[in-house]
Amino acid sequence: MKRGLATGVAVVLLIAVTATLALPLLALQGLRDALTARNADVLAPLVDADRLRTSLAARIRARYVQGPDQRLPIEPIVERLLTPAGLIAAICDGGALTVDGRVPTGCDIHGSLSDLRFESASRFSAALSRDGAVAATVVMDRSGLHWRLVDLVLPPSAYDQFKDSVLN
C-alpha cells in the first residue's frame, strides 16, 4: 500500500514539473506562431492588454524622460504599440511601421528553451532573436493554466523607430 502511494505521489510530481515546463514553452510557441502568421485573432488572447499598457507606458516614459523628447505624447505610441500590427512591428521588425499602420516585412523570430528564464512559477521571460540579435524580450505571467504577455522589452532603436512612425 505504501509503495503504491509513493508511486502515485511521484507520478503527480512528475506531471506537475512537466506541466510547469511545458505550458510556458507552449505559450511561447503560440506567441511566436501568432506573430509569424500575423494572426491578430490568435495573438489577442495571449496578451494582457491592461498590464502590457502599463508596463509599456512606463518604459517609454523612462526612455524619453530627458532630452528633446521629454514632452513626447506617450499615449499615442502605447496605443499603437498595443495593436496586433504594432506588437508584430515591434517584435518582428524592430518598430518599423508604415504610415497607415501596416507591418511592412515578414517575421522570422526565434526563441528556444535556452532563451527561457523563469522568474517564478508564474512568470517567465524569453529573448526572441531576429538575424542573430535580440529582437525583444517578452515577459509572460500565468493566469490559471494560461500564460499572457504582460511586458515587452525592446532594443532602444525599436522605440525610436516606433516613435517616429507614430508621430510623423
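User: Before we talk strands, what makes two strands pair?
Analyst: Two strands pair if DSSP finds at least two bridges between them. This is a predicted model.

User: OK, how many bridges join β2 to β3?
Analyst: Strand β2 (residues 123-130) and strand β3 (residues 133-143) are joined by 8 bridges. The two run antiparallel.

User: Which residue in β3 is the bridge partner of Ala126?
Analyst: Val138 is the partner of Ala126.

User: And what order do the strands of the sheet take?
Analyst: The order is β1-β2-β3-β4, with 4 strands in an open sheet and antiparallel pairing. At the edges are β1 (116-120) and β4 (146-153), each of which pairs on one side only. From one strand to the next, the twist averages 30°.

User: Which strands does helix α3 lie across?
Analyst: Helix α3, residues 49-63, lies across β2, β3 and β4. Its direction is at about 15° to β4.

User: What about α5?
Analyst: Helix α5 (residues 84-92) also lies across β2, β3 and β4. The angle quoted there is to β3, at about 130°.

User: Zooming out, how many helices and strands are there in the protein?
Analyst: There are 6 helices and 4 strands. Starting at the N terminus, the elements run α-α-α-α-α-β-β-β-β-α.

User: Changing topic: what share of the residues is buried?
Analyst: Of the 168 residues in the protein, 37% are buried. The protein exposes about 9,200 Å², and carbon and sulfur atoms supply 60% of that area.

User: And what share of the contacts join residues at least 24 apart?
Analyst: Taking contacts between residues at least 6 apart in sequence, 51% join residues at least 24 apart.

Methods: Residues numbered from 1 in each chain as written. Predicted model: local features only at pLDDT ≥ 70, side-chain atom pairs only at ≥ 80, totals over all residues. Heavy atoms only, no water. Axes fitted to C-alpha atoms, helices over the stretch in contact; angles between N-to-C directions. Contact = heavy atoms within 4.5 Å. Buried < 20%, exposed > 50% of the residue type's maximum accessible area, 1.4 Å probe, protein only. Areas by Shrake-Rupley, 256 points an atom, 1.4 Å probe, with all protein chains shown as cover.
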